[in-house]
Amino acid sequence: MQSDEILTNLKESIVKGNKEAAAEHTTRAIEAGIDFTLILEAGIIRATEEVGKLYEQMEYYLPDLLIAADAMIAAMDILKPHLKAIFDEKLKGTILIGAVEGDMHSIGKNLVITLLEGQGFEVVDLGTDVPPIKFVEKAKEIHPDVIGLSGLLTTSITTMRDTVLQLREENIDSKIIIGGGILSKEACEMIGADDYATDGWAGLYKIKEFIESKYKGV
Amino acid sequence: MSPDISHNWKASINRFMYAFSGSKRIDRVPFFALAMEQMITRIVGISVRTLFSSPKIYANAAIMANEYLHTDVVALPTCYAGPVEGVAFAETNDRKQAIKWFDYRAIFIDQGIICKTDEDIEKLKIPDHSQSKLWNLTFDAAKMVYEKTGFPQVAGLGIWSVVQQLRGVQAFRDMRENPEILLTLCEKVYESQMDLYRNWLDHVGISPFIFYPGYAFNRTMMSFQDAMKFEGQFIRRLQKDTGVPFLLHNCGMDPYFKEVCSEIDFVGVNGSHPLDINYWIDFKKNFPKVTIMGATIDVNRELLTGTPEDVENKVKENILNLAPGGRYMVSPICELPWNVPLPNILAISNAIEKYGIYPIQEAP
């Protein structure tokens, strides 16, 4: 099988959300001696872009995003050990994420985590109902590039603001991105976060864009 | 703690009923708000533990908070089938570790704990609502609210809102990988909702309005076809089996209001998106018998970050465009968070008094 064909199959298996096929085509690509960065870019990242386009065109919805992200992770699990030899892991960035205190909703947060992990980012998940102090303590320990505060409840805006205030008071200089369907530009300004995303896909792009620009040329 | 006797609940109830029937006898636009645990405990000055310590305290505190905010409706916080149904499932299925109580905010369920595996779904026991402490408290409080105000309460039935509590993010994977197991869960939640409704009738003695949290009906969650499959078909059955009017609530960003109202009969829709008033003008034209509750008054915009003048302008815009001819209620969506400035909430009733007295001239 030609390299192009293997990579096309890998990409399509991710777009269709077929975990087993994604893992199989990644193994085949490695065995065929295809350059690891080419497998990542032409197979996995291209698939992510296609899934994003389908989501924006409303041909894909949350369930399709999730299973595509699962397939992405299956492929990355196989490719990652090979990439480690080439990249310094730190360049890929670390994200600390959690649903703010009082909010038990995990769906949006888990989607973003799956998407980020599928792109090779290191994600530390604090879970749901996370008090501000927990974000502060963990941020001091791991120095994340981005802190993601998630929330679905209309009432979570207050807790997001408290969390941002405590993080800033403790001189945590990570970029803070808040995520949730409840958010708006005005709410983001009131909360004092650096940026906001109203769905998992937008969250992925904002975090990715920030980390890529941060490490550009490093 | 005694309710404000100056509030004319009889006039409020009439307003509420006239809005749904489109009656010309309506005097002004009604105000419907979701003043829940955060707002009630703030206004009355008690914790959730005290609020839920007796039906009398619960009913009186809810009435008092709504009278303070000048609303026309008392909706008890625990009436809706989300976390409170999750509590009933957690207790029945020995998963109490999933329940989280808070001092000044709503009870919550750690999503995806109760039905973590397919086997959990197969073995899931349906709660007996006559044995649920929290639901019994709600039934008794609902009865007291009815006796004191004449308002028959809105009871929240829901399928997807409960499925999400029980199954978490896995529910979305199930849609593509194992729809049958997801439908089994939906079926069990449906049975539970019918048990809840029957118990409501037995305990409260009067049929409530059904305030249906139709969370599936949102583009950010799923396609309309999936929403009909995993929620819509069950709403039709609930409507048939209960025979009572349903109001659809969806507080998401991109709801399928027009699509769902073409398929299922609702007497009202309660939402705050899309934020374009023209969507709602068009909705009113296409669904003249459906009462709009809300439209573009979002708790996280003018109410939270604006001034009383901003709120007044937003309410004015909604009233002048949607209230002429009736079948409109002012309603900020969704639950009022505790940090919404009170002057902003009170600006709603002031704006209604200023612009919402019938007859109302249409916006030019």
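Helix α5 covers residues 107-118 of chain A and helix α9 covers residues 200-214 of chain A. They pack at about 45°, with axes 9 Å apart. Axes are lines fitted to C-alpha atoms, for helices over the stretch in contact, and angles run from 0 to 180 degrees between N-to-C directions. Helices are DSSP runs (H or I, at least four residues), numbered from the N terminus.

This is a predicted model: local features need pLDDT of at least 70, side-chain atom pairs count only at pLDDT 80 or more, and totals for chains, interfaces and linings use all residues. Residues are numbered from 1 along each chain as its sequence is written, and chains are lettered from A, ligands numbered from 1, in the order in which they are written.

Which residues of α5(A) and α9(A) make the contact? From α5(A) come G108(A), L111(A), V112(A), L115(A) and L116(A). From α9(A) come G200(A), G203(A), L204(A) and I207(A). Residues are in contact if their C-beta atoms, placed from the backbone, lie within 7 Å.

Now the domains. Chain A is assigned domain 1 (3-86) and domain 2 (90-214), with bounds from an automatic or database assignment. Their C-alpha centres lie 26 Å apart. The contact takes 13 residues from domain 1 of chain A and nine from domain 2 of chain A. On the domain 1 side, α3 (36-56) and α4 (62-84) of chain A each supply at least two residues. The largest share, ten residues, comes from α4(A).

Technical notes:
Contact = placed C-beta atoms within 7 Å.
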